[in-house]
Amino acid sequence: MANKVTVTISDTEYTLVSEESASYMQKVAALVNEKMTNIMAAGRVSRMDAAVLAATNLADELIKQQAAAENLRRQVKGYLDEAGQAKAELNECKRQLAKLQKK
């Protein structure tokens, strides 16, 4: 069920419709508003330019976070592979120990 919430970004009201919760959409809008406010406060920048720069900054952060998440996935996969190999080695050692104990 879609949720509808009115948010204010850069002194303009927008109605957002999403499957996400209203509090989540407000959080997203607050982040966009914060980015735009910071950009406009840093210099004489139009709202349109601030929106484009905010979108660019957010896209940059997203891409970096996706790369970091992918690196973590690869690292976890490496750890799981190592754990699997260690388990196989342990099983082989147990098998050899049982074989030696039978002698």
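Mentor: A helix crossing is left-handed if the near helix is turned anticlockwise from the far one by less than a right angle, and right-handed if clockwise. Helix 1 passes helix 2 in a right-handed crossing.

Trainee: What kind of model is this, and what limits apply?

Mentor: This is a predicted model: local features need pLDDT of at least 70, side-chain atom pairs count only at pLDDT 80 or more, and totals for chains, interfaces and linings use all residues. Residues are numbered from 1 along each chain as its sequence is written, and side-chain values use heavy atoms, with hydrogens and water left out.

Trainee: Which residues belong to helix 1 and helix 2, and how do their axes meet?

Mentor: Helix 1 covers residues 22-42 and helix 2 covers residues 47-102. Both are DSSP runs (H or I, at least four residues; strands are E, at least two), numbered from the N terminus. Their axes come within 9 Å and cross at roughly 120 degrees. Axes are lines fitted to C-alpha atoms, for helices over the stretch in contact, and angles run from 0 to 180 degrees between N-to-C directions.

Trainee: Why are helix 1 and helix 2 called oblique to each other?

Mentor: Check the angle against the classes. Under 35 degrees is roughly parallel, over 145 roughly antiparallel, 65 to 115 roughly perpendicular, and the rest oblique. The axes cross at roughly 120 degrees, so helix 1 and helix 2 are oblique.

Trainee: Which residues make the contact?

Mentor: Helix 1 supplies Leu-31, Val-32, Lys-35, Met-36, Ile-39 and Met-40. Helix 2 supplies Arg-47, Ala-50, Ala-51, Leu-53, Ala-54, Asn-57, Leu-58 and Glu-61. Contact means heavy atoms within 4.5 Å. By class, there are 10 nonpolar, 1 polar and 3 charged residues.

Trainee: What makes Met-36 buried?

Mentor: Buried means under 20% relative accessible area, exposed over 50%, partly exposed in between (1.4 Å probe, protein chains only). Met-36 has 6%, so it is buried. Met-36 sits in helix 1. Not counting residues up to four places away in sequence, Met-36 touches Ile-9, Ser-10, Arg-47, Ala-50, Ala-51 and Ala-54. Take Ala-54: it is 18 residues from Met-36 in sequence, yet the two are 5.7 Å apart, C-alpha to C-alpha.

Trainee: Which residues form the largest nonpolar core?

Mentor: Such a core is a set of buried Ala, Val, Leu, Ile, Met, Phe, Trp, Tyr and Cys residues joined through side-chain atoms within 4.5 Å. The largest has 9 residues: Val-5, Val-7, Ile-9, Met-25, Ala-29, Met-36, Ile-39, Ala-50 and Ala-54. Strand 1, helix 1 and helix 2 each give two or more residues. Helix 1 gives the largest share, 4 residues.

Trainee: Where is Ser-10, and why does Ser-10 count as buried?

Mentor: Ser-10 is in the loop between strand 1 (3-9) and strand 2 (12-18). Its relative accessibility is 6%, so Ser-10 counts as buried. Beyond four places in sequence, Ser-10 touches Asn-33, Met-36, Met-40 and Arg-47. Ser-10 also has a positive phi of about 55 degrees, although it is not a glycine.

Trainee: How do you know that Asp-11 is exposed?

Mentor: Asp-11 has a relative accessible area of 78%, so it is exposed. Asp-11 also lies in the loop between strand 1 and strand 2. Its phi is positive too, about 65 degrees, although Asp-11 is not a glycine.

Trainee: Why is Val-45 called partly exposed?

Mentor: Val-45 has 27%, so it is partly exposed. Val-45 lies in the loop between helix 1 and helix 2. Leaving aside neighbours within four places, Val-45 is in contact with Ile-39, Met-40, Ala-50 and Leu-53.

Trainee: What makes Leu-62 partly exposed?

Mentor: Its relative accessible area is 48%, so Leu-62 is partly exposed. Leu-62 lies in helix 2.

Key. Nonpolar A, V, L, I, M, F, W, Y, C, P; charged D, E, K, R; others polar.
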